[in-house]
Amino acid sequence: MPSPAPPKADNQTLHARIAKSFPSREHQFSLDVEFSVAPGFTILFGPSGSGKTTLLDCIAGLATPDAGCIVVGEHVLCDITTRFSVPVAKRFVGYVLQDLALFPHLTVEQNVEYGLAHISRLERKQRAAAMLEEFRIAHLRQQRPQEISGGERQRVALARALVTDPSVLLLDEPLAALDAATKAKIINDLRRWNEAHRIPILYVTHSREEVIALGERVLVIERGHIIAQGAPHAVLSAPLQETVAQLAGFENIFDAKVWLVHEDRGTMTCRLPGEPSDSFVLLETPLIRAEQGSNIRVGIRAGDVLLAITEPVGLSARNVIAGRLVSLERRDMMIVVRVNCGVEIEVHLTLAARDSLGLVEGSEVWLVIKTYSCHLMQK
Amino acid sequence: MSIDWQSFRLTIELAVVVSAILLIVGLPLASWLAFSRWRWKFFVEAIVALPIVLPPTVLGFYVLVALGSRSPLGQWWQSLTGHTLAFTFTGLVIGSVLYSLPFAVQPFTSSFSSVDRKLLAASATLGGSPLRTFFRVVIPLSVPGLVTGMVLAFAHTMGEFGVVLMIGGNIPGVTRTVSIDIYDQVQASNYAAANATALVLLVLCFAMLATVYGLNRRTSGVWTVGPVK
């Protein structure tokens with residue numbers, strides 16, 4: 001008879017330090033991370049192959065780290081130095097696997113009841129029924145997983161993991177295959193459930209919109225290392241490192257030098273070396289802690305740049321740069337424009353904008369870039 | 001036309017007992033073969049598969065030696081029961097279990113191996129012990145393989161000849177199985193009786209295999225069979 005779930009302390013934070021390497025094959029991969037997950041949603045954000053699933057497997061106990069320890073509240077789940085490891089079945093870690101892994105031979109109700117073997121039949125039925133109700137799948141209780149829709153399957157998988165009252169919840173891209181509307185509804189249900197339970201939820205995704213919708217905190221992982229962490233807005237909109245910038249979709253990334261620092265205005269001027277080598281572009285950017293003359297990178301989203309066909313005046317934007325239109329390319333319902341102003345900058349426009357401005361290759365144009373549209377990264 | 005129904009009854013009795021033992025022995029052995037990561041596992045796999053390629057007389061010979069009154073096993077049995085294992089029904093069961101082992105264990109193993117490992121992981125994270133995972137997830141999802149293994153073991157035991165001859169000899173009602181009976185009839189130039197007996201055996205084996213393949217076709221794809229708790 002399994003022991004009941006450990007009582008939940010007020011501060012049920014997950015602390016993990018995990019190192020694991022996979023020798024062999026084409027390239028060696030090693031995971032080496034240390035992080036804490038407070039109650040609430042924490043997003044684990046990173047490209048595929050960055051070690052996210054391995055990390056979750058280690059927390060759930062399906063994989064064993066080479067070194068490190070994993071603690072939830074006061075409960076040690078795994079400590080490699082003392083060779084201590086709680087078996088998977090006794091960790092009370094809820095884990096929704098990437099492809100859900102619903103039991104195909106059991107009904108929805110039996111799937112949800114699966115993790116409640118240790119309690120009485122009556123209580124099991126009641127708890128499962130309440131959970132089915134909460135996740136709006138009560139009407140499917142007699143169906144088998146292959147008879148219901150993808151969104152319903154996701155709900156069953158969530159309900160099956162949550163009904164066990166886990167002390168940590170791991171979600172491996174649970175909504176990846178769903179359309180936006182279904183996704184939003186499930187996210188709402190999940191959020192409501194979490195308001196009542198407040199356990200650490202580690203949520204793996206590589207979707208930006210899920211990060212923004214769910215995240216209280218984001219861990220950015222790449223090639224086995226956590227490269228940034230913080231509030232979603234801070235991590236994703238003012239990334240510190242270029243890898244994050246690429247994830248977050250910056251079309252323009254330039255090497256630059258800090259040219260002038262305007263402490264009083266809270267801005268600085270950066271110099272972007274151009275082609276030919278004596279040309280350059282000066283950009284006014286937000287102030288960061290950087291020495292005059294130090295090398296940094298500037299990222300600008302193509303959608304954040306305004307384009308004008310006469311020199312604009314009377315604008316609040318600090319950067320108005322003259323240039324020549326190099327190419328116009330239609331990509332779906334959007335126009336990708338490349339403008340040479342010493343450096344080449346990509347700008348995204350609507351079809352209507354192109355037509356009303358009468359843009360053609362070779363046109364003289366001005367680009368308008370707000371100071372806070374310039375994102376700085378360490379180099 | 002005289003069919004020796006006594007030998008039929010004996011053969012079916014033997015096949016039932018052997019299949020039952022193979023189910024009990026085969027499940028843990030097959031699950032070990034399917035899930036163990038021991039580096040020398042292939043060694044055990046080879047031993048289990050041996051009866052497929054080994055001439056029945058070779059297997060029968062060694063089993064006979066092992067059961068005989070000069071072997072430790074034979075002596076132990078004799079001290080326990082007062083008679084040897086050779087030329088008894090029990091001896092026949094032991095030989096047949098060894099001989100039919102791969103026919104049960106291999107289908108078991110391959111169906112266990114084909115159960116999605118993600119389901120095993122899911123069961124574990126939901127608090128399922130290895131035993132619970134085995135009985136609630138692995139076994140229900142392996143029903144076609146289990147049925148195949150049982151029927152193959154049953155049919156194979158029904159049809160064995162060499163091992164029976166080596167271990168059991170030809171004692172009516174004790175070790176005289178159908179295939180021995182047919183052999184005897186042919187030796188005695190009694191072709192009509194041999195034909196009748198052989199035909200019954202042929203039809204029986206065909207019916208069993210057809211049932212298995214039919215069942216497997218129905219259960220593959222959408223899941224219809226499954227224990228309801």
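Reader: Does α3(B) pass α5(B) in a left-handed or a right-handed crossing?
Author: Happy to start there, with a note that this is a predicted model, where local features need pLDDT of at least 70, side-chain atom pairs count only at pLDDT 80 or more, and totals for chains, interfaces and linings use all residues. Residues are numbered from 1 along each chain as its sequence is written, while chains are lettered from A and ligands numbered from 1 in the order in which they are written. Helices (H or I, at least four residues) and strands (E, at least two) are DSSP runs, numbered from the N terminus. A crossing is left-handed if the near helix is turned anticlockwise from the far one by less than a right angle, and right-handed if clockwise; the crossing of α3(B) with α5(B) is right-handed.

Reader: How are α3(B) and α5(B) oriented to each other?
Author: Helix α3 (residues 56-67) of chain B packs on helix α5 (residues 89-113) of chain B at about 135°, their axes 10 Å apart. Axes are lines fitted to C-alpha atoms, for helices over the stretch in contact, and angles run from 0 to 180 degrees between N-to-C directions. Angles under 35 degrees count as roughly parallel, over 145 as roughly antiparallel, 65 to 115 as roughly perpendicular and the rest as oblique. The two helices, α3(B) and α5(B), are therefore oblique.

Reader: How many residues in the contact of α3(B) with α5(B) are nonpolar?
Author: On α3(B) the contact involves B:Pro56, B:Leu59, B:Gly60, B:Val63 and B:Leu67, and on α5(B) B:Gly91, B:Ile94, B:Gly95, B:Leu98 and B:Tyr99. Two residues are in contact if their C-beta atoms, placed from the backbone, lie within 7 Å. Ala, Val, Leu, Ile, Met, Phe, Trp, Tyr, Cys and Pro count as nonpolar, Asp, Glu, Lys and Arg as charged, and the others, Gly among them, as polar. In the contact of α3(B) with α5(B), no residues are charged, three are polar, and the nonpolar ones number seven.

Reader: What about α1(B) and α8(B): how many nonpolar residues does that contact have?
Author: Helix α1 (residues 5-35) of chain B and helix α8 (residues 143-159) of chain B cross at roughly 140°, with axes that come within 8 Å, which makes α1(B) oblique to α8(B). Contact residues include B:Leu14, B:Val18 and B:Leu22 of α1(B) and B:Met150, B:Ala153 and B:Phe154 of α8(B). By class, the contact of α1(B) with α8(B) has no charged and five polar residues, and its nonpolar residues number nine.

Reader: How many of the ten residues of α4(B) are buried?
Author: A residue is buried if 20 or more other C-beta atoms lie within 10 Å of its own, exposed if 12 or fewer, and partly exposed in between, with C-beta atoms placed from the backbone. Helix α4 (residues 72-81) of chain B lies largely in the open, because the number of its ten residues that are buried is one.

Reader: Which element gives the largest share of the side of chain B that touches chain A?
Author: The contact takes 23 residues from chain A and 19 residues from chain B. On the chain B side, α6 (117-125) and α7 (130-141) of chain B are the elements that give two or more residues. The largest share, six residues, comes from α6(B).

Reader: Is A:Ala101 buried or exposed?
Author: You will find A:Ala101 in the loop between β7 (93-96) and α2 (108-113) of chain A. Leaving aside neighbours within four places in sequence, A:Ala101 is in contact with B:Asp116, B:Lys118, B:Leu119, B:Ala121 and B:Ala122. Because A:Ala101 has 22 C-beta neighbours inside 10 Å, the residue counts as buried.

Reader: Does A:Arg83 count as buried or exposed?
Author: Most residues other than glycine have a negative phi. A:Arg83, not a glycine, has a positive phi of about 55°, and sits in the loop between β5 (75-79) and β6 (84-85) of chain A. With 7 C-beta neighbours inside 10 Å, A:Arg83 counts as exposed.
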